[in-house]
Structure formats: C-alpha cells, structure tokens
Amino acid sequence: MWFDKWSVEGPLYEFISRRDLYDARLEDTLTVDKMILNGEWSWPDGWLDIFPRLANIEVPNIHFGKEDKVRWLTKTYQKVDFSTSQAWSDLRDEWPSVEWSKVIWFKQFNPRNAFILWLAVHDRLLTQDKMAIWKENADFKCVFCSVTADNHEHLFFQCAYVKSVWRELQRYMFQMQGGDRMQSVISNLARFKDSKNIGVIVNKLMVAAAVYFIWQERNARVFKNQIRNKEVLCQNIMDSVRCKMMTIKVRNTRNVQRIAELWNLNWKECRLQAK
Ligand SMILES: [Zn+2]
C-alpha cells in the first residue's frame with residue numbers, strides 16, 4: 001500500500017509519513033486490498049483533507065487470489081514486464097545533457113552498468129540509510145565493513161573494503177583522479193567526457209563496472225549470503241571491462257600501446273586482443 005508505485009500518485013510514502021501511519025494505527029505492510037471496503041477506500045478520518053492527492057486515486061480493480069506483479073510504465077504509457085533495456089531506452093532521451101551524461105552514456109558503454117551508475121549518481125538505489133527511515137529499530141550495518149549503515153557514498157567510495165577495491169582497480173586505470181566521493185569522481189571524468197583517448201574510455205568503463213559489481217556484491221551478501229573475496233570481485237570487474245575493450249576499434253598509438261601493456265593485451269588489426 002505505501003511503498004509500491006501502484007497508483008497515479010506514485011508511492012504513497014512520498015507524502016504519507018511513518019508517523020501518519022502510526023497515528024492512524026495502520027501497518028507498514030498493509031496491502032492495497034485491505035484499504036478497500038465494499039468497493040470504496042476506507043481512508044482514516046481527515047486524510048482526504050490532509051492529503052488531497054488521495055482523492056485522485058481510483059479504487060483499483062483487484063483480482064483476488066492472483067499474484068502481484070511488477071510492471072514497467074513505458075514512455076508511451078504502456079505497461080510491460082520490466083527489463084533493464086526497456087527502462088534504459090525509456091529514460092535515456094529524457095535526461096538533460098548535464099556534465100555527467102557523457103560519463104555514463106557514451107559510445108562504448110555497457111547498458112547494464114550504466115543503468116546502475118545512473119541510479120547511484122541520483123542517489124536512487126535502496127541503501128540502508130533509506131531503509132532505516134522505515135525500520136527505526138533495525139540495526140543496519142554495511143555488509144563489507146560492519147561499521148555503519150550503508151549509503152551511496154559509503155558503499156561505493158568511503159567504505160574501507162571498497163577503498164581497497166578501488167586501489168587495486170586504479171593500477172589499471174589511466175591517471176585516474178577524483179578522490180573518494182561520487183561527485184568528484186564523476187566531475188573528474190566529465191572534464192574529459194568528449195575525449196576519444198582510450199585511457200579515458202577505460203576509466204569510464206571501469207567506474208561504471210566497479211559501481212555495478214560492488215552493488216551486485218552487496219546484494220549477494222545481503223540477500224543470498226554469498227560472498228566473493230576481493231580478488232575475485234576485482235577480477236570480475238576487470239574481465240567485464242576487458243571484454244568491452246576488445247570490441248573497440250583503435251589505432252596503434254602510444255596511448256593504446258600503453259593501455260595494451262597495462263592490460264596484457266596486443267594490438268592487432270585495429271583491435272586489442274588477448275595475448
Ligand atoms: Zn562499509
């Protein structure tokens with residue numbers, strides 16, 4: 001009822017607080033069908049005055065006994081099954097051309113990685129700091145270091161474990177600077193956003209892949225209790241970037257040679273290839 005976007009007014013928690021639910025003695029976990037009585041909404045007294053947006057929500061036609069399903073609303077307002085590629089193509093044209101857009105979306109980008117990076121830049125992943133608003137007494141701890149609840153800055157840059165991952169990756173990046181904050185890393189990449197330098201492309205691929213794999217690893221640990229060690233995680237990130245690098249057409253310049261050496265690749269017939 002409160003967290004999913006099932007109505008035209010979006011997720012209701014955006015304007016109804018936990019305190020409001022508590023005062024009305026409503027459960028966090030309430031489902032939509034429980035708020036309907038004889039085909040009408042059974043809003044608590046006064047809610048339609050405090051939250052006039054509720055009046056915009058029609059009583060949905062609930063098919064009892066059927067499983068709920070997550071659907072994606074496309075740009076042309078069609079409901080389809082969710083897929084990353086569909087979401088990406090719907091959202092891509094909508095974004096203003098801000099400084100970081102070419103850091104995320106560039107010719108050689110990986111859609112899956114870019115999508116997670118885009119969400120991360122917008123602080124839109126469901127990290128523990130957000131979950132804590134709704135689970136007041138829960139004791140959230142970062143799955144990597146167990147020191148503090150995770151949030152975007154911590155999870156991707158500040159955590160000691162993640163910092164050691166970046167240190168390892170940096171050996172394969174090209175004069176990568178930007179420090180340990182999302183904003184500074186992205187801004188730094190944005191300074192060279194139009195560059196066709198292979199080093200800049202590798203840096204952009206690495207940042208997107210690192211954020212994607214760190215998020216994936218965090219979720220595997222939280223939800224599946226599966227743990228990869230740091231070396232394997234770094235290797236997975238490198239392998240994904242290496243695959244992408246080998247698809248890019250490059251000339252045999254000094255920069256390309258330098259990157260090829262760093263990654264143990266050979267230049268052959270306009271591509272980098274495994275030795
Ligand atoms: Zn941590």
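**Before you start.** The model is predicted: local features need pLDDT of at least 70, side-chain atom pairs count only at pLDDT 80 or more, and totals for chains, interfaces and linings use all residues. Residues are numbered from 1 along each chain as its sequence is written, and side-chain values use heavy atoms, with hydrogens and water left out.

**Stop 1: the zinc ion.** Select Cys142, Cys145, His154 and Cys159. Their atoms SG, SG, NE2 and SG are the protein donors of the zinc ion, 2.1 to 2.4 Å from it. Donors are N, O and S atoms within 2.8 Å of the metal (3.2 Å for Na, K and Ca); water is not among the atoms, so sites may look incomplete. Along the chain, the donors follow the spacing C-x2-C-x8-H-x4-C.

Why is the arrangement tetrahedral? The four donor atoms subtend angles of 103 to 115° around the zinc ion. Four donors count as tetrahedral if all angles lie between 85 and 135 degrees. Now pick out His154 and Cys159: both are buried (under 20% relative accessible area, with a 1.4 Å probe and protein chains only).

**Stop 2: the cavity.** The structure holds one cavity of 30 Å³ or more. On a 1 Å grid over the protein atoms alone, a cavity is a set of points where a 1.4 Å probe fits but cannot get out; lining residues have an atom within 4 Å of a point. The largest cavity has about 40 Å³ of space, a volume being the space filled by probe spheres set on the points, which are joined across faces, edges and corners.

Select the lining, including Val103, Phe106, Asn113 and Leu205. Then colour the helices (DSSP runs of H or I, at least four residues, numbered from the N terminus). α10 gives the most to this lining, three residues.

**Stop 3: the second largest pocket.** A pocket is an open set with protein on both sides within 12 Å along at least five of seven lines. The second largest pocket has a volume of about 450 Å³. Of its 19 lining residues, the closest to the centre are Gln108, Ser195, Lys196, Asn197 and Ile201. Next, show α10 (198-224) and α12 (254-262), which each supply at least two lining residues.

**Stop 4: Gln108.** Where is Gln108 found? Look in the loop between α4 and α5. Gln108 is buried, with a relative accessible area of 16%. Not counting residues up to four places away in sequence, Gln108 touches Ile201, Leu205, Lys244 and Ile248 (heavy atoms within 4.5 Å).

Definitions and conventions: Buried means under 20% relative accessible area, exposed over 50%, partly exposed in between (1.4 Å probe, protein chains only). Four donors count as tetrahedral if all angles lie between 85 and 135 degrees; four count as square planar and six as octahedral if opposite donors are over 155 degrees apart and all others between 65 and 115; anything else is irregular.
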